[in-house]
Amino acid sequence: MNRYYISVVGWNGAGVTAPCIIIGREFEAETERAAGEAAEKSADEQFPEYAPFAVVRKVV
């Protein structure tokens, strides 16, 4: 298992022209992709009004 710190950035539909960070935390996963997918799912569940995409950074 690897540890990744994931910042998920999202857009809302309220006329916001810049993305904002909607979640930032550490995830454990086998791959960077799996960590990003887990973070996006978590953000979707917590903030359904946002369209998230993930910025992934590996924790050393």
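User: Is Ser 42 buried or exposed?
Analyst: This is a predicted model in which local features need pLDDT of at least 70 and side-chain atom pairs count only at pLDDT 80 or more, while totals for chains, interfaces and linings use all residues. Residues are numbered from 1 along each chain as its sequence is written, and side-chain values use heavy atoms, with hydrogens and water left out. Buried means under 20% relative accessible area, exposed over 50%, and partly exposed in between, with a 1.4 Å probe and protein chains only. The relative accessible area of Ser 42 is 11%, so Ser 42 is buried.

User: In which element is Ser 42 placed?
Analyst: Helices (H or I, at least four residues) and strands (E, at least two) are DSSP runs, numbered from the N terminus. Ser 42 belongs to the run of residues 32-46, which is helix H1.

User: Which side chain makes a polar contact with the side chain of Ser 42?
Analyst: A polar contact is a pair of N or O atoms within 3.5 Å; within protein, one must be able to donate a hydrogen and the other to accept it, and residues adjacent in sequence count only if both atoms are side-chain atoms. At 2.9 Å from the side chain of Ser 42, the partner is the side chain of Gln 46.

User: Which residues does Ser 42 touch, not counting those up to four places away in sequence?
Analyst: Contact means heavy atoms within 4.5 Å. With residues up to four places away set aside, Ser 42 touches Ile 23, Arg 25 and Phe 27.

User: How many helices and strands are there, and in what order do the elements run?
Analyst: The protein has one helix and three strands. From the N terminus on, the order is β-β-α-β.

User: How many bridges join E1 to E2, and how many pair E1 with E3?
Analyst: Two strands pair if DSSP finds at least two bridges between them. Strand E1 (residues 2-12) runs antiparallel to strand E2 (residues 20-29), and the bridges between them number nine. E1 also pairs in the antiparallel sense with strand E3 (residues 50-58), where the number of bridges is nine.

User: Which residues is Ala 39 in contact with, leaving aside neighbours within four places in sequence?
Analyst: Ala 39 is itself in the largest nonpolar core. Its contacts beyond four places in sequence are Ile 6, Val 8, Ile 23 and Phe 27.

User: Which residues form the aromatic pair?
Analyst: Rings of Phe, Tyr and Trp (its six-membered ring) pair if their centres lie within 6.5 Å; planes under 30 degrees apart count as stacked, over 60 as edge-to-face and the rest as tilted. A search of the whole structure finds one such pair. The centres are 6.1 Å apart with 85 degrees between the planes, an edge-to-face pair formed by Phe 47 and Tyr 50.

User: Of Phe 47 and Tyr 50, which is buried?
Analyst: Phe 47 has a relative accessible area of 26%, so Phe 47 is partly exposed. Tyr 50 has 18%, and the buried residue is therefore Tyr 50.

User: Which residues is Ser 7 in contact with, leaving aside neighbours within four places in sequence?
Analyst: Ser 7 is found in strand E1. At 11% relative accessibility, Ser 7 counts as buried. Its contacts beyond four places are Ile 23, Gly 24, Ala 54, Val 55 and Arg 57.

User: What is the relative accessibility of Pro 19?
Analyst: Pro 19 is found in the loop between E1 and E2. Beyond four places in sequence, Pro 19 is in contact with Val 9, Gly 10, Trp 11 and Phe 53. Pro 19 counts as partly exposed because its relative accessibility is 40%.

User: What is the radius of gyration of the protein?
Analyst: The radius of gyration is taken over C-alpha atoms, and the globule rule is 2.2 Å times the number of residues to the power 0.38. With 60 residues, a compact globule would have a value near 10 Å; the protein agrees with this, at 12 Å.

Technical notes: A nonpolar core is a set of buried Ala, Val, Leu, Ile, Met, Phe, Trp, Tyr and Cys residues joined through side-chain atoms within 4.5 Å.
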